Amino acid sequence: MTTPILPGATLGVLGGGQLGRMFVHAAQALGYATAVLDADADSPAGTVSHHHVRTGYLDADGLRELAARSAAVTTEFENVPAEALATLAGQRPVAPSAAAVAVCQDRAAEKAQFVRCGVPCAPHALIQTQAQLDAVGDELLPGILKTARMGYDGKGQVRVRDRAELAQAWGELKQAPCVLEKMLPLALELSVVVARSRDGEVVHLPVQQNLHRDGILAVTQVPAPDASEAQRQQAVACAERIAASLDYVGVLCVEFFVLADGTLVANEMAPRPHNSGHYSIDACDVSQFELQVRAMTGLPLVAPRLHSPAVMLNLLGDLWFDAGGTERTPAWAQVLAVPGVHLHLYGKAQARRGRKMGHLTVTAATAQAARDIALQVARILGLPAF
Ligand code: ATP
Ligand code: MG
């Protein structure tokens, strides 16, 4: 057994976004102090942390200060340069490891990892050269061309119907290394958050069902209303297998597609808590962020229990503008008058369309009630029904 780093110590996190902010909240609730490294003076996590190191990820002084302040370090940002994690790992325990994060940063490496674990994924081809583009088989079209690195919220992706569109799309993506995936007939989308300790112990959150709009997560429902028990078990088993294969320490989320014929296919994974796991703050007795704290410090992992069915709605910057494009404040007082609503705003000063400004989770005694209330709240906010 690893000797745990106990409350009172300072925990460091690379990245100051909303995931870092919710990590800071969970760490502080357990009695830890926190240190955030992020260049932005107004970052959501930096503004609520005990310490805020305001440098870039590769700044030697910044990394030194973060290591000096922290008993252990984690990341909230998937695309943090692997060198930054490797540098820190020379000085402090870092979870997840630079090697595991590097796999998740690259769609090609990620898919290779799925294949190694016997986890099915979409038929795909790596496109790094004109020759590879020319050699693409017709069976991959129509498809989605995705940049191998730095994609999120549907950015860096182009849907292509034929070869002409594929060639054009690769040009639009500046001929960056890409993965072309076959367009699959999706029946639904699921995700699983697992946490794994240094000793190889694994726990998981209940399986989430996700609805995306324009490539961005919009709604998460738990329990997953349309997944079979077998599909849920298979998703959890796949995620645990992937975590074990990476000797993963920390929180890992794996996204899945369920195809029209019921087959489960892994889409991608994130080496950190995930937007689809935010409901766990309000609906589970242990949140994904507390699991992140427990895993990085070597505290015991306990299996989270869902105490209320939940529906999570993402709150994008679009809500801060009326139909005419004038800025406004969403009707928070009206939303908060509805029982079972838990509002989380990330403290971002500037609303932009498509920017994740916050989320809210509805908890209720039954899944039907949670859904009804979430639909009521969606109406108040002007969000589409689901
Ligand atoms: P994230 O914000 O989750 O990191 P991302 O930009 O990395 O998003 P993906 O998860 O690859 O993007 O894709 C976003 C969404 O696009 C998926 O959730 C799914 O709805 C749709 N999609 C992606 N790949 C496929 C596919 N091969 N077939 C059908 N739909 C797909
Ligand atoms: Mg995704």
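A polar contact here is a pair of N or O atoms within 3.5 Å; within protein, one atom must be able to donate a hydrogen and the other to accept it, and residues adjacent in sequence count only if both atoms are side-chain atoms. This is a predicted model, in which local features need pLDDT of at least 70 and side-chain atom pairs count only at pLDDT 80 or more, while totals for chains, interfaces and linings use all residues. Residues are numbered from 1 along each chain as its sequence is written, chains are lettered from A and ligands numbered from 1 in the order in which they are written, and side-chain values use heavy atoms, with hydrogens and water left out.

**Figure 1. Polar contacts of ligand 1 with Lys-146, Gln-157 and Leu-184.** Let us begin at the ligand. A backbone N or O atom of Leu-184 sits 3.0 Å from a nitrogen atom of ligand 1. The side chain of Lys-146 brings a polar atom to 2.7 Å from an oxygen atom of the ligand. For Gln-157, a side-chain N or O atom is 2.7 Å from an oxygen atom of ligand 1. On its own, ligand 1 has 620 Å² of accessible area, and the protein covers 92% of it; such areas come from the Shrake-Rupley method with a 1.4 Å probe, and for residues only the protein chains shown count as cover.

**Figure 2. The shell of 20 residues around ligand 1.** Now look at the neighbours, where near means that one of a residue's heavy atoms lies within 4 Å of the molecule or strand. Those that come nearest to ligand 1 are Lys-146, Asp-153, Gly-154, Gln-157 and Glu-189. Sorted by class, the shell holds 10 charged, six nonpolar and four polar residues. In this sorting, Asp, Glu, Lys and Arg are charged, Ala, Val, Leu, Ile, Met, Phe, Trp, Tyr, Cys and Pro are nonpolar, and the others, Gly among them, are polar. At least two shell residues come from each of the strands E6 (143-147), E7 (157-160), E8 (178-182), E9 (186-196), E13 and E14. Strands (E, at least two residues) and helices (H or I, at least four) are DSSP runs, numbered from the N terminus. Domain 2 (123-182) and domain 3 (186-381) each give at least three residues to the shell, with bounds taken from an automatic or database domain assignment.

**Figure 3. The magnesium ion, ligand 2, and its glutamates.** Glu-255 belongs to strand E13 (residues 250-259) and Glu-268 to strand E14 (residues 264-270), so the pair ties together parts that are 13 residues apart in sequence. Donors are N, O and S atoms within 2.8 Å of the metal (3.2 Å for Na, K and Ca), and water is not among the atoms, so sites may look incomplete. Glu-255 and Glu-268 are both buried; buried means under 20% relative accessible area, exposed over 50% and partly exposed in between, with a 1.4 Å probe and protein chains only.

Figure 4. From its C-alpha atom to that of Glu-65, 30 residues apart along the chain, the separation is 9.4 Å.

**Figure 5. Cis peptide bonds at Pro-96 and Pro-142.** The bond from Ala-95 to Pro-96 is cis, with omega near 0°, and Pro-96 falls in the loop between helix H3 (82-89) and helix H4 (98-105). Leu-141 and Pro-142 are likewise joined by a cis bond, with omega about -10°. The loop that holds Pro-142 runs between helix H6 (130-134) and E6.

**Figure 6. Positive phi at Gln-175 and Asp-247.** Neither view shows a glycine: phi is near 55° at Gln-175 and about 45° at Asp-247. Gln-175 is in the loop between helix H7 (163-172) and E8, where its relative accessible area of 47% makes it partly exposed. Asp-247 is in the loop between helix H8 (229-245) and E13, and at 51% it counts as exposed.
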